[in-house]
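Hi there,

Here is the structure I promised to pass on to you. Have a look at it first, and then read my notes below.

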Amino acid sequence: MYDYDLLVLGSGPSGQKAAVAAAKLGRRVAIVDRRDMLGGVCINTGTVPSKTLREAVLYLTGLSQRDLYGSSYRVKEDITVADLAARTEHVISRQTDVIRNQLARNRIAMITGTGRFADPHAVWVDAGSGRENRVTFDKAVIAAGTRPARPDSVDFDDRTIVDSDGVINLQAVPRSMVVVGAGVIGMEYASMFAALGTKVTVVERRERMLDFCDEEIVESLKYHLRDLSVTFRFGEEVASVEKHRTAALCVLRSGKKIVADTVMYSAGRQGQTDDLALEAAGLTADHRGRIQVDTHYRTSVENIYAVGDVIGFPALASTSMEQGRLAAQHACGEPARAMPDLQPIGIYTIPEISFVGKTEDELTDSSTPFEVGIARYRELARGQIVGDSYGMLKLLVSPGDGRLLGVHVFGTGATEIIHIGQAVMGCGGTVDYLLDAVFNYPTLAEAYKVAALDAANKIRNITRIDG
């Protein structure tokens with residue numbers, strides 16, 4: 001009756017996993033996306049390029065080795081955009097091949113072009129040839145992703161004034177940069193360019209950055225970024241940006257003026273739903289282009305699902321993948337467990353941040369008793385070996401039953417070792433597991449044992465005095 005059992009609009013992380021999950025269940029599946037966007041924003045302009053750029057910056061600047069070899073240590077003296085782009089292009093090419101092979105192995109059809117709904121069971125696909133093809137489906141998954149939000153008052157030229165997708169295409173490493181917005185993406189790029197030697201100024205209208213993170217961790221990041229000559233302007237807002245022949249002039253509402261080679265806006269993301277003709281399928285999106293879904297990721301139209309960034313928070317590649325898988329299973333009538341609430345957050349600043357569970361502020365606000373256990377990388381042999389004297393791991397422990405309430409890591413490998421804490425918390429484990437466990441030596445993972453001992457000793461002292 002239909003061309004496909006499941007049609008996926010978008011080939012990003014959520015779209016890929018939805019398509020593969022349905023194909024594994026024996027359904028006829030197709031993905032619609034542009035030829036140059038296989039893998040979505042994640043592979044082409046967002047997550048993968050930015051994290052690859054970060055690795056290139058860390059390697060070429062020698063920043064992570066300066067504790068060992070001195071503050072002037074550098075692998076390459078004059079780092080060019082070509083140096084950075086070479087690694088990025090290599091990784092994008094390899095990842096695109098991986099995705100293409102995965103789709104082929106699972107017999108998922110790749111329909112090249114842009115899709116728009118004709119009705120709730122069909123889309124028109126424009127491949128750029130001048131004519132559109134009609135493709136029908138039983139069920140559909142919208143995984144269209146997002147693009148950077150661009151304020152109407154700003155004249156973006158993708159050279160002097162750029163957004164977070166365009167910053168990876170700069171023609172040269174700027175001598176100075178203004179980053180507008182101190183969210184995750186803004187702070188990641190601010191730290192990368194600061195490491196390259198760019199004079200970075202961060203402008204944020206709120207009074208602090210990354211306000212969902214542990215305050216002590218954020219203060220540590222701020223300290224290190226200031227050490228890289230980053231200037232912060234909190235409680236400030238950009239009133240206008242004037243383009244001049246050789247630079248841009250940022251005028252703040254307070255009257256301050258900042259001259260910079262490049263201005264990068266990181267003002268949130270906008271769902272890419274404008275060209276989907278949602279109304280033809282009986283759907284609508286909000287002012288940020290986001291589509292509302294239920295707990296199974298089904299939209300208000302029974303046979304159409306939406307997943308990934310296009311449905312809003314948390315808008316992470318990691319959670320988007322799982323949303324795609326769960327949506328496909330539900331669409332195919334396959335029973336599936338709901339995604340657990342315990343999700344790790346990774347922020348790829350320099351140094352990186354990762355956490356899972358509650359912050360100190362959240363526990364304090366809810367009047368939940370907790371004790372803190374801290375391990376510092378400089379006290380670990382592995383920390384000395386890798387040249388990380390600033391990293392730390394913090395455990396938030398319930399003094400009553402020893403449950404882990406939160407784990408917060410700052411420094412080398414934070415986004416990797418956070419999963420140990422996530423696993424213990426997810427399995428209902430207590431600090432006793434970390435106290436009794438034997439960790440490989442020397443590793444950064446040992447920080448869990450050191451922090452657990454710190455927390456346990458504090459709890460023991462309180463119990464001894466308080467009874």
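Strand 9 and strand 15 (residues 262-265) pair in parallel through 4 bridges, where pairing takes at least two DSSP bridges between two strands. Helices (H or I, at least four residues) and strands (E, at least two) are DSSP runs, numbered from the N terminus. In this pairing, Val 178 sits opposite Val 263 of strand 15.

Please keep in mind that this is a predicted model: local features need pLDDT of at least 70, side-chain atom pairs count only at pLDDT 80 or more, and totals for chains, interfaces and linings use all residues. Residues are numbered from 1 along each chain as its sequence is written, and side-chain values use heavy atoms, leaving out hydrogens and water.

Strand 9 also runs parallel to strand 10 (residues 199-204), joined by 5 bridges, and here Met 177 faces Val 200. Because 5 of the 5 residues of strand 9 (residues 176-180) are buried, the strand is largely enclosed by the rest of the structure. Buried means under 20% relative accessible area, exposed over 50%, and partly exposed in between (1.4 Å probe, protein chains only). Ser 176, Val 178 and Val 180 lie on one side of strand 9, with Met 177 and Val 179 on the other.

Now for helix 13. Its buried residues are Ala 447, Tyr 448, Ala 451, Ala 452, Ala 455, Ala 456 and Ile 459.

Happy exploring!
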